[in-house]
Amino acid sequence: MGTCPIRCQSTLTVLENPPEPALQDSITVSLCDYPSFGRTDLIMCVGEQLTIISDDGDFVMVRSTTTGRESYVPTNYTAKVTHRWLFTGIGRYKAEELLMQPNNQSGAFLIRESETSRDCYSLSVLRRTNSSHLDCVKHYRIAHLQNGWVYISPGLTFPSLHRLVEHYSELADGLCCLLTEPCFIQGFDTTREARPIPITVRRPTINWKDISRSVIFRRKRTESDNSLVSEGLRDAITSYLQMTEGCDHSWDT
């Protein structure tokens, strides 16, 4: 009775991730060459960023970043893209067409809403080989847990799509290849997304026998406080001890 449930001399390594990236403004991308019959000069090309001049619902006035020309085009000829890889308004076939563009290398990817499963996403990944006729796009369903976490493999879950992308950019873990770069968008200013590379802070292994109660119960942390015990873990331990107040707590079990 009254024994802290956390075992001493834990060999677990504590990982702390940076905050989620702030939601970025979406950009608009062309889903086709327009006009598509070749009777006149192209107004816009498939896979290029467009500037929206006006939006009338079913049609939008756009300016091409490739040709510089302006025109009204059907809204379903365009897609919204957030974070450079989250496409809204495209299906499997169009994802394959965009990824098979010559500017994309093996590992180019995008995430889109699933066509077959409500509230799910699909990860589409380009795999190029030495023989061009074997190039293909693989699709992986991204499912949601009730707590909002997402996964491709049930044994490997992530708190967000960002974390999923970060993981599979480092390890293939069953995918056809590593994720390398988001699907190429003609005319996109890559300097817009220049930002420090997210760093995972790896804390040293904790030996609980070396942790005094004063460290556990210290409430305020300063900028120079490099305690081995994170604030969240400290709060969890404190809450447990408060619930079992009056019991003889032992840290040496």
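Mentor: A residue counts as buried under 20% relative accessible area, as exposed over 50% and as partly exposed in between (1.4 Å probe, protein chains only). The model is predicted, so local features need pLDDT of at least 70 and side-chain atom pairs pLDDT 80 or more, while totals for chains, interfaces and linings use all residues. Numbering runs from 1 along each chain as its sequence is written, and side-chain values use heavy atoms, without hydrogens or water.

Trainee: Which way do the residues of β2 point, and are they buried or exposed?

Mentor: I27 and V29 point to one side of the strand, T28 and S30 to the other, and all are buried. Strands here are DSSP runs of E with at least two residues, helices runs of H or I with at least four, numbered from the N terminus.

Trainee: Which strands pair with β2?

Mentor: Strand β6 (residues 78-82) pairs with β2 in the antiparallel sense over four bridges, and strand β3 (residues 49-55) is also antiparallel to β2, over two bridges. Pairing requires at least two DSSP bridges. V29 stands opposite A79 in β6 and opposite Q49 in β3.

Trainee: And T28, what does its side chain make a polar contact with?

Mentor: The partner is the side chain of K80, at 3.2 Å. T28 itself has a relative accessible area of 6%, so T28 is buried. Beyond residues up to four places away in sequence, T28 touches E48, Q49, L50, I52, T78, A79 and K80; contact means heavy atoms within 4.5 Å.

Trainee: Changing topic: why is α2 described as largely enclosed?

Mentor: Seven of the eight residues of α2 (residues 161-168) are buried, so the rest of the structure largely encloses this helix. The buried residues are L161, H162, R163, L164, V165, H167 and Y168.

Trainee: What do they pack against?

Mentor: They pack against β7 (86-88), β8 (109-113), β9 (121-127), β10 (136-144), β11 (150-151) and β12 (157-158).

Trainee: Which residues of α1 are buried?

Mentor: In α1 (residues 92-99) they are K94, A95, L98 and L99. Their cover includes β2 (27-30), β7, β8, β9 and β10.

Trainee: How many aromatic pairs does a search of the whole structure find?

Mentor: Two are found. In one of them, Y34 and Y77 have ring centres 5.7 Å apart and planes at 70 degrees, so that pair is edge-to-face. Y34 lies in the loop between β2 and β3 and Y77 in the loop between β5 (70-74) and β6, 43 residues apart. Y34 is partly exposed at 22% relative accessible area, and Y77 is partly exposed at 30%. Rings of Phe, Tyr and Trp (its six-membered ring) pair with centres within 6.5 Å; planes under 30 degrees apart are stacked, over 60 edge-to-face, the rest tilted.

Notes. Polar contact = N/O pair within 3.5 Å; in protein donor to acceptor, adjacent residues only side chain to side chain.
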